[in-house]
Amino acid sequence: MIGVTDDASVAGEPDTRLLDDLLDDIFRAQERVIQAEIYRRAVAAELPPDLLARIDGLPEGEYSVDEVSDLLGGSIG
C-alpha cells in the first residue's frame, strides 16, 4: 500500500518527505529551534515555494519538532 508520503498525488495531499527530511536534519542535535532558523534552513535546502510559504507563515518563536511538524503537516514527531 502506498502511503501519503510516498505519492504526492494521493488524495491531493502534499508530499511531506522534503519537510520531514528537513525537520529531521534541523532537530537532530537541538530540542527547540526558532522559526527564523527553520525558514533559513528551508531556503538553503531549496524547498518548494509552497513549503517555504508555510514555514514563513509560522509565528515567530521557538518550536519543538512535534510542534512544528503538527503546524506544517509533516509526519515526524
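**Exercise 1. Find which residues Leu22 is in contact with, leaving aside its neighbours within four places in sequence.**

Step 1. Setting those neighbours aside, Leu22 touches Ile38, Arg41, Ala42, Ala45, Leu47 and Ile55, where contact means heavy atoms within 4.5 Å.

Step 2. A quick word on what you're looking at: this is a predicted model, where local features need pLDDT of at least 70, side-chain atom pairs count only at pLDDT 80 or more, and totals for chains, interfaces and linings use all residues. Residues are numbered from 1 along each chain as its sequence is written, and side-chain values use heavy atoms, with hydrogens and water left out.

Step 3. Now place Leu22: it sits in helix α1 (residues 17–26). Helices (H or I, at least four residues) and strands (E, at least two) are DSSP runs, numbered from the N terminus.

Step 4. Leu22 has 6% relative accessibility, so it counts as buried. The cut-offs are under 20% relative accessible area for buried, over 50% for exposed, and partly exposed in between (1.4 Å probe, protein chains only).

**Exercise 2. Work out how α1 and α2 pack, and which residues make the contact.**

Step 1. The two helices pack at an angle of about 125 degrees, and their axes are 11 Å apart. Axes are lines fitted to C-alpha atoms, for helices over the stretch in contact, with angles running from 0 to 180 degrees between N-to-C directions.

Step 2. That makes α1 oblique to α2: angles under 35 degrees count as roughly parallel, over 145 as roughly antiparallel, 65 to 115 as roughly perpendicular, and the rest as oblique.

Step 3. On the α1 side, Leu22, Asp25 and Ile26 make the contact; on the α2 side, look for Ile38, Arg41 and Ala42.

**Exercise 3. Track down the salt bridges of Asp25 with Arg28 and with Arg41.**

Step 1. Know your cut-off: a salt bridge is a side-chain nitrogen of Lys or Arg within 4 Å of a carboxyl oxygen of Asp or Glu.

Step 2. Asp25 and Arg28 meet at 3.4 Å, N to O. Asp25 is partly exposed at 38% relative accessible area, while Arg28 counts as exposed at 59%.

Step 3. With Arg41, the closest N and O atoms are 2.7 Å apart. This pair links distant parts of the chain, Arg41 in helix α2 and Asp25 in helix α1, 16 residues apart.

Step 4. Zoom out, and you'll find Asp24, Asp25, Arg28, Glu37, Arg40 and Arg41 linked in a network of salt bridges. The whole structure holds seven salt bridges.
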